[in-house]
Amino acid sequence: MRHASLKAVLALALTSLLTLAGGIACDRARPGSPPDAPSLSVVADTRLVVFAPHPDDEVLAAGGLIQQVREAGGTVRVVYITSGDSYTVSVRLEQHVGGRPTGANYREYGHQREFEARAALRILGVGAWSLTFLGFPNDGLTRLMSTYWSERHAAYRSPYTRQRRPAQSESFIPDTEYRGEDLTQELAEIIGDFKPTIILVPRPEDQHADHCATWFFVADALGDVMRVQPRFHTDLVNYIVHYNSWGVEDDDPVLQPPEDLDAGVSGWLTVPLTDRQVQAKRTAVHAYKSQMDAMGWFLDAFVRRNEVFSRPPLPQISLPITHSVCEDFEPPPSRTHKK
Ligand SMILES: [Zn+2]
């Protein structure tokens with residue numbers, strides 16, 4: 001009973017926050033959120049980088065925030081760690097393959113997702129020159145954090161695309177291969193060069209192993225940058241895409257944070273979207289035609305009147321790691337096909 005009335009109060013508080021037209025507010029009404037919790041600051045000087053494990057994650061999590069940064073005159077960069085090329089069900093569908101897809105089918109499918117990403121981000125006001133496709137192996141990132149970390153081991157080979165390295169044109173650093181330290185080095189180069197004021201990255205609790213691994217790689221790279229540039233400061237912010245049935249368990253216009261995840265160091269950050277931003281986000285989501293064909297119900301669930309983020313404690317992560325930290329999660333059956 002007490003829980004129910006508390007929820008009603010919280011819902012009311014959140015609704016009043018959402019009446020702020022297009023502004024960015026911190027959900028201060030939630031327990032664990034200190035009264036002086038800072039909100040996300042979006043100004044003309046904002047430099048936002050979104051690290052997306054796969055093309056579509058950036059729009060699902062932050063399609064509204066990306067628009068707000070652009071509308072404020074800020075700069076947005078999106079870095080795709082993989083091109084999402086290992087999603088076999090969708091490869092068959094999009095490439096019209098009856099049997100087992102070939103390496104070429106998977107690679108072609110990855111290019112299709114890159115093409116869709118450019119179309120989606122154009123709708124949000126971000127040009128193709130602001131997108132970086134690193135071309136690391138979809139469904140292989142956790143292996144790079146441990147076994148395939150350094151040159152002491154042969155580079156990882158994707159069982160899907162059959163590649164051991166990104167296409168040359170996608171590599172920042174020459175001779176990049178599918179090794180963990182190569183990925184950390186590329187991410188550190190991007191962060192050190194772009195100098196983002198906000199970094200958006202998945203939470204480690206995200207139940208897709210590539211998402212969890214993306215957190216570890218970005219945190220490792222950020223540590224490298226801060227050792228070389230001790231004065232560098234950024235606002236490190238987390239998003240979530242895969243967490244049990246979160247996002248698809250209701251069709252409330254307001255997206256609530258997952259109940260059993262902690263709110264981070266400054267409370268849940270709720271970003272309200274204007275009607276126009278919601279509509280543009282929906283159009284951008286639908287530009288991912290391959291994903292809409294395979295699982296439109298999941299993508300549509302992220303088009304709401306707000307987006308939800310949190311801030312992690314300052315990470316102290318140093319790769320490689322010898323034990324698995326990402327594969328312990330058990331994705332729900334309805335989500336195992338999502339790449
Ligand atoms: Zn993803």
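A crossing of two helices is called right-handed if the near helix is turned clockwise from the far one by less than a right angle, and left-handed if the turn is anticlockwise. In the predicted model described here, the crossing of helix 6 and helix 7 is right-handed.

The protein contains 9 helices and 8 strands. Of its 339 residues, 56% are buried.

Two packed helices are described by the angle between their axes and the distance between the axes. For helix 6, which spans residues 180-194, and helix 7, which spans residues 209-228, the axes come within 8 Å and cross at roughly 60 degrees. Angles from 65 to 115 degrees count as roughly perpendicular and those under 35 degrees as roughly parallel, and helix 6 and helix 7 are therefore oblique to each other. On the side of helix 6, the contact is made by Gly180, Leu183, Thr184, Leu187, Ala188, Ile191 and Gly192, which meet Phe217, Val218, Asp220, Ala221, Leu222, Asp224 and Val225 in helix 7. Sorted by class, this contact comprises 9 nonpolar, 3 polar and 2 charged residues.

A second pair is formed by helix 3 (residues 88-95) and helix 4 (residues 103-123), which pack at an angle of about 85 degrees with their axes 10 Å apart. Helix 3 and helix 4 are therefore roughly perpendicular to each other. Here Thr88, Ser90, Val91, Glu94 and Gln95 in helix 3 meet Asn105, Tyr106, Glu108, Tyr109 and Gln112 in helix 4. By class, the residues of this contact are 3 nonpolar, 5 polar and 2 charged.

Side chains of opposite charge can pair when their charged atoms come close. Over the whole structure, a search finds 12 salt bridges. In one of them, the side chains of Arg113 and Asp56 meet with an N to O distance of 3.7 Å. Arg113 lies in helix 4, whereas Asp56 lies in the loop between strand 2 (47-52) and helix 2 (57-71), so the pair ties together parts that are 57 residues apart in sequence. Both Arg113 and Asp56 are buried.

Arg203 takes part in two of the pairings described here, one with Glu205 and another with Asp262. The side chains of Arg203 and Glu205 meet in a salt bridge at 2.9 Å, N to O, while in the salt bridge between Arg203 and Asp262 the closest N and O atoms are 3.4 Å apart. The latter pair links distant parts of the chain, with Arg203 in the loop between strand 5 (198-202) and helix 7 and Asp262 in the loop between strand 6 (235-239) and strand 7 (269-272), 59 residues apart. Because a relative accessible area under 20% defines a buried residue, Arg203, at 4% relative accessibility, counts as buried. Glu205, with a relative accessible area of 22%, is partly exposed, and Asp262, at 46%, is likewise partly exposed.

Note on methods
Residues are numbered from 1 along each chain as its sequence is written. This is a predicted model: local features need pLDDT of at least 70, side-chain atom pairs count only at pLDDT 80 or more; totals for chains, interfaces and linings use all residues. Side-chain values use heavy atoms; hydrogens and water are left out. Axes are lines fitted to C-alpha atoms, for helices over the stretch in contact, and angles run from 0 to 180 degrees between N-to-C directions. Helices (H or I, at least four residues) and strands (E, at least two) are DSSP runs, numbered from the N terminus. Angles under 35 degrees count as roughly parallel, over 145 as roughly antiparallel, 65 to 115 as roughly perpendicular and the rest as oblique. Contact means heavy atoms within 4.5 Å. Ala, Val, Leu, Ile, Met, Phe, Trp, Tyr, Cys and Pro count as nonpolar, Asp, Glu, Lys and Arg as charged, and the others, Gly among them, as polar. A salt bridge is a side-chain nitrogen of Lys or Arg within 4 Å of a carboxyl oxygen of Asp or Glu. Buried means under 20% relative accessible area, exposed over 50%, partly exposed in between (1.4 Å probe, protein chains only).
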